[in-house]
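The exercises that follow ask you to read a structure step by step, from overall shape down to single side chains. Please work through each task before turning to its solution.

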Amino acid sequence: MAMLAEFKEFAVKGNVVDLAVGVIIGAAFGKIVESLVGDIIMPLVGAVFGKLDFSNLFVVLGRVPPGNAMTLDALKKAGVPVLAYGNFITVAVNFALLAFIIFLMVQQINRLRRDPAPAAVAPAPAEDVVLLREIRDSLRRPAP
């Protein structure tokens, strides 16, 4: 029974609930950013620089059966060992773009969250200045 009470206390702590909410929102945000990269950014990059798809770059490490196509998918289906370094390059480029986009988004969010600079407050005048002003003001007043 003590273990169940301890688990209940652990599960409802603020940190665990915050972590769960963060993971759920993070997963949803990840899909949004993935769609932004895959559906908006990469087509624009592809239009400017040509198609950036390295997925068909590979090195055959074994014997290819006769009559088999020399494509990555066909070789994998035939069970031929291949070093598919092109997939790694594609994933690395996608990661770099994704990381850069997330950096830009976080930078903008932080810029919006910053408090505006506080208005400059003039420092209080020194005590001798205050006394001199009082004397000046009293001398300006007409005598009764």
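Contact here means heavy atoms within 4.5 Å. The structure shown is a predicted model.

**Exercise 1. Contacts and distances of Ala11**

Determine which residues Ala11 touches, not counting residues up to four places away in sequence, and how far Ala11 is from Phe103 in space.

Solution. Begin with the location: Ala11 lies in helix 1, which covers residues 2-11. Next apply the contact cut-off of 4.5 Å between heavy atoms; with residues up to four places away in sequence left out, Ala11 touches Val16 and Val17. Then take the C-alpha to C-alpha distance to Phe103, which is 32 Å for a pair that is 92 residues apart in sequence. Finally, Ala11 has a relative accessible area of 29%, and it is therefore classed as partly exposed, given that this class lies between the limits of 20% and 50%.

**Exercise 2. Overall architecture and dimensions**

State how many helices and strands the protein has, and compare its radius of gyration with that of a compact globule of 144 residues.

Solution. The protein contains 5 helices and 2 strands, and along the sequence these follow the pattern α-α-β-α-β-α-α. For 144 residues, a compact globule would have a radius of gyration near 15 Å, whereas the protein has 34 Å. As for burial, 10% of the 144 residues count as buried, and the protein exposes about 12,000 Å², of which carbon and sulfur atoms supply 68%. Among contacts between residues at least 6 apart in sequence, 44% join residues at least 24 apart.

**Exercise 3. Helix 4 from end to end**

Find how the reach of helix 4 compares with the expected span, and which of its residues are buried.

Solution. Helix 4 comprises residues 85-113, 29 residues in total, and reaches 42 Å from its first C-alpha to its last, close to the 42 Å expected at 1.5 Å a residue. Its buried residues are Gly86, Thr90, Leu97 and Ile101. In reading such a list, recall that an α-helix has 3.6 residues a turn, so residues three or four places apart point the same way. Ala96 also lies in helix 4, but its relative accessibility is 45%, so Ala96 counts as partly exposed. Although Ala96 and Ile41 are 55 residues apart in sequence, their C-alpha atoms are 12 Å apart in space.

**Exercise 4. A nonpolar patch on the surface**

Identify which residues form the nonpolar patch and which element gives the largest share of it.

Solution. The patch is formed by Val17, Val21, Ile25, Phe29, Ile32, Ile102 and Val106, which together have about 570 Å² of accessible area. Two or more residues of this patch come from each of helix 2 (14-49) and helix 4, and the largest share, 5 residues, comes from helix 2. Take Ile25 as a member to examine: it lies in helix 2, and because its relative accessible area is 53%, Ile25 is exposed.

**Exercise 5. Salt bridges**

Determine how many salt bridges there are, and which side chains meet in a salt bridge.

Solution. With a limit of 4 Å between the side-chain nitrogen and the carboxyl oxygen, the count comes to 1 salt bridge. The partners are Asp137 and Arg136, whose side chains meet at 3.3 Å, N to O. Asp137 is partly exposed because its relative accessibility is 34%, and Arg136 is likewise partly exposed, at 39%.

Definitions and conventions. Residues are numbered from 1 along each chain as its sequence is written. This is a predicted model: local features need pLDDT of at least 70, side-chain atom pairs count only at pLDDT 80 or more; totals for chains, interfaces and linings use all residues. Side-chain values use heavy atoms; hydrogens and water are left out. Helices (H or I, at least four residues) and strands (E, at least two) are DSSP runs, numbered from the N terminus. The expected span of a helix is 1.5 Å times one less than its number of residues. Buried means under 20% relative accessible area, exposed over 50%, partly exposed in between (1.4 Å probe, protein chains only). Patches are made of residues with over 30% relative accessible area and no salt bridge: like charges are joined within 9 Å, nonpolar side chains (Val, Leu, Ile, Met, Phe, Trp, Tyr) within 5 Å. Accessible areas come from the Shrake-Rupley method with a 1.4 Å probe; for residues, only the protein chains shown count as cover. The radius of gyration is taken over C-alpha atoms; the globule rule is 2.2 Å times the number of residues to the power 0.38.
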